[in-house]
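Below is a walk through one structure, from the way its chains meet down to single residues. Please keep the sequence and the model in view while reading.

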Amino acid sequence: MSEMIDQKRRDFVSVAGKTAAATVIAPGVFLHSVANASPRAEAVTDKVRYGMLIDSSKCADGCSDCVSACDKENGLDQLIKPEGASDDLWAQQKPRWIRAVKVKDNLTGHVSSLPMMCQHCEKPPCVDVCPTGASFRRDDGIVMVDRHTCIGCRYCMMACPYKARSFIHETVQFKQTATPRGKGCVESCNFCVHRLDNGGTTTACQDACKQGAIIFGDLKDPKSALVKALSKYPSVQLRADLKLNTGVRYSGI
Amino acid sequence: MKKISYSEWGIKSPHYWGLLAILGAVVAIGGFAALFMEHSGHWVTGMTNQVVWGLPHVFAIFLIVAASGALNIASIGSVFGKKAYKPLARLSGLLALTLLIGGLLVLVLDLGQPGRLIVAMTKYNFKSIFAWNIYLYVGFIAIVVVYLFTMMERKANDYTHTVGTIAFVWRLLLTTGTGSIFGFIVARQGYDAALMAPMFIIMSFAYGLAFYLLVLMFTFNADNRAIGDKMIARLKSLLAVFVAAIFYFVLVYHLTNLYGTENHDYEAFILLNGGIYTTLFWGGWVVAGLLLPMGILFHPALGKSRGAIAAASFLVLIGGFSAIYVVVIGGQAFPMAMFPGKTIIESGFFDGVGGAAAAYTPSLPEFLLGLGGIGVTLIATVVAVRLFQFLPASLADEAVDPHHS
Amino acid sequence: MIVFGLLFSLTATASDAAQAAKAVEGSAKADKLDACVAPTPFMRRNHFELIKHQRDVTVHEGIRKTDNSLAGCIDCHAAKDAHGEHVAVDADDQFCASCHAYTGVSFDCFSCHATKPTKTGN
């Protein structure tokens with residue numbers, strides 16, 4: 001009898017002590033883990049919203065560093081044309097997450113270069129139309145495809161106003177650990193989510209741009225370079241009339 | 001009106017088996033095409049990241065739209081009480097089923113991951129019209145089976161009106177859902193229109209009836225069964241009205257589009273300089289599918305000729321196929337206006353450089369798969385009318401016309 | 001108990017017999033351990049539940065710090081050949097097939113996921 005009571009007191013003191021210690025130390029540990037870039041152990045929350053500002057005036061004519069970097073980082077350069085496929089058709093069928101686009105104003109003739117990728121809308125049409133819910137918006141704002149659930153119907157590709165999505169038309173020979181992909185599913189830019197989930201804070205395209213035209217960050221963090229740049233420079237959404245509240249903004253177009 | 005009797009299709013055995021052999025071959029080839037596409041991946045098709053839905057989807061949507069319309073004939077009898085249409089109801093229900101199954105098969109076999117059909121039937125995002133359509137299509141099959149049961153089981157005949165009404169409402173929802181696949185898309189200029197759903201409904205009326213007429217005339221001809229002049233006249237007039245209604249909807253759709261400057265590029269693409277899409281629109285959809293059939297069916301002499309009526313029905317189907325092709329593929333080929341007021345002069349992802357449309361060439365596997373779907377519809381219909389009593393023994397005026405003296 | 005013993009011996013002989021050609025027997029990390037994620041009988045019965053739950057957690061919640069990652073499985077169970085290079089873990093004579101061929105259960109993981117560990121790990 002007396003042993004049990006003692007045990008209960010011991011347990012209480014032990015738990016109380018641990019809780020106290022944890023409360024004191026935990027904030028430090030949390031900060032420490034963010035700084036040290038370790039794999040995420042807690043679920044993402046909507047306290048963060050990832051976004052991007054692209055300064056098209058800094059985008060160099062003819063440059064495609066961001067495209068090459070994205071291809072390399074996300075394993076897109078490992079996809080090879082199937083034997084017997086025509087070059088033209090394969091060029092239209094192979095996936096592309098980011099692409100360089102040049103636009104000219106119809107009236108003024110002003111030319112802008114800019115990279116285009118998934119705009120990570122707050123109200124994504126691709127998420128609305130997906131029958132299985134494979135196309136989804138994560139709590140931290142990243143719009144992506146859960147390719148375990150994707151049935152390859154391509155409805156999201158029809159629905160995307162930015163033509164951001166690609167379909168994998170062929171068997172994938174060289175599969176990547178960090179960026180798996182397979183025949184018959186749809187995919188698009190996911191803000192290098194494999195980097196972010198493992199403690200990284202930058203995307204491959206941002207790192208590759210020598211002109212600093214791409215700024216990636218947390219739209220909800222007033223101290224981030226992204227938010228500071230957004231408050232300094234005027235920027236627009238593409239197809240703002242659709243009211244999708246995109247996470248990617250452009251300035252200089 | 002005398003009691004209607006139904007009997008199995010009585011064509012000679014060698015003809016029946018010959019027909020089955022041909023249709024079976026079409027289905028088998030379609031099956032192999034599907035296997036080929038699934039095994040190799042979609043690179044063997046003409047579909048790309050720009051035109052993601054191709055010929056299989058045109059076939060599938062055409063069949064599905066016709067399926068819901070084919071049920072109309074039965075509804076006119078059971079729901080609206082027109083006695084003259086009652087003998088036609090069983091075949092109407094059957095065709096609705098077989099057309100739908102053929103269309104759905106093509107759709108499912110074109111999926112990037114057809115093996116994940118179980119996932120599609122267990123995980124739903126109910127904001128997606130596709131998810132609703134899965135329920136609408138499967139539910140339609142169940143309801144039509146029950147509907148046919150009430151018609152064919154004498155003791156259940158009292159329920160025909162109730163079940164028929166449910167089926168009628170359901171098929172309207174189904175076609176609305178199919179049209180809304182396109183109507184709900186904000187991204188593409190050719191689609192984002194509330195008119196798409198009602199337009200699909202009126203198209204289903206005509207295509208379903210045209211299919212029905214052709215199947216009826218063929219099966220009755222082959223089996224020396226009579227179709228009375230009054231019956232043919234009724235069906236012919238109905239088809240003419242439906243085609244005229246489509247004409248009205250197409251007119252309203254394009255005139256409305258033409259009014260707003262923002263749509264002028266798309267209208268020019270469809271009506272003037274879209275190449276194959278313009279040809280199919282004017283030649284297929286308008287002339288072959290609307291003007292010629294109306295000319296034949298409203299004509300005092302031609303409208304009485306069975307051959308001409310059959311030709312008109314066939315033309316309606318050609319027009320329907322062209323219409324779906326223009327809507328589905330033309331709507332994708334037309335470049336998206338990502339930068340209003342600007343022209344894209346270079347792109348790493350075929351974004352309509354210089355306003356150019358996306359290229360799409362249908363491939364053989366896609367065509368064979370679509371054809372296989374039609375084969376499934378026809379083979380199921382042929383077997384069903386042979387084994388069961390779907391066809392009325394006679395549609396001669398003395399036998400079935402309620403006003404016959 | 002007996003069933004597991006039978007299964008174990010069956011799989012052992014199967015893998016022993018077939019591993020002759022490419023992979024060096026016992027070269028996988030898992031071969032040197034008794035169990036790592038969970039005891040072997042539990043893993044035999046439930047590994048797919050762990051994988052299936054983890055894939056949802058990783059994709060939808062972004063959680064990567066886990067014992068149950070597929071990449072972790074492959075890292076441990078992929079054998080090496082005579083040159084020290086990894087052999088595909090889903091090959092006919094390798095780890096996954098050692099049970100799956102017998103049970104006749106097919107799986108789709110490796111149409112998308114890498115069959116060999118990368119040099120940098122995750």
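Two residues are in contact if their C-beta atoms, placed from the backbone, lie within 7 Å. The model discussed here is predicted. Chains B and C do not touch, and their nearest C-alpha atoms are 10 Å apart. Two pairs of chains do touch, and of these the pair A and B has the most contacts.

Confidence in chain A comes next. Its mean pLDDT is 90, with 88% of the residues of chain A at 70 or more. Over residues 25-36 of chain A, however, pLDDT stays under 50, and for this stretch the model has one contact beyond four places in sequence.

Arg138(A) sits in the loop that joins strand E4 (135-137) to strand E5 (143-145) of chain A. Arg138(A) counts as buried because it has 22 C-beta neighbours inside 10 Å, where the cut-off is 20 or more. Leaving out residues up to four places away in sequence, Arg138(A) touches Val44(A) and Met144(A), as well as His60(C) and Gly62(C) of chain C. Val103(A) is 35 residues from Arg138(A) along the chain, and their C-alpha atoms are separated by 31 Å.

The largest nonpolar core has 200 residues, and Val58(B), Ala206(B), Leu209(B), Phe211(B) and Leu239(B) have the most contacts inside it. Helix H8 (residues 196-222) of chain B gives the largest share of this core, 17 residues. Beyond four places in sequence, the contacts of Leu239(B) include Ala206(B), Leu209(B), Leu297(B) and Val316(B). Another core, of ten residues, lies apart from the largest one; Ala23(C), Ala79(C), Phe95(C) and Ala114(C) are among its members.

Definitions and conventions
Residues are numbered from 1 along each chain as its sequence is written. Chains are lettered from A and ligands numbered from 1 in the order in which they are written. This is a predicted model: local features need pLDDT of at least 70, side-chain atom pairs count only at pLDDT 80 or more; totals for chains, interfaces and linings use all residues. pLDDT is the predictor's confidence in each residue, from 0 to 100. Helices (H or I, at least four residues) and strands (E, at least two) are DSSP runs, numbered from the N terminus. A residue is buried if 20 or more other C-beta atoms lie within 10 Å of its own, exposed if 12 or fewer, and partly exposed in between; C-beta atoms are placed from the backbone. A nonpolar core is a set of buried Ala, Val, Leu, Ile, Met, Phe, Trp, Tyr and Cys residues joined through C-beta atoms within 7 Å.
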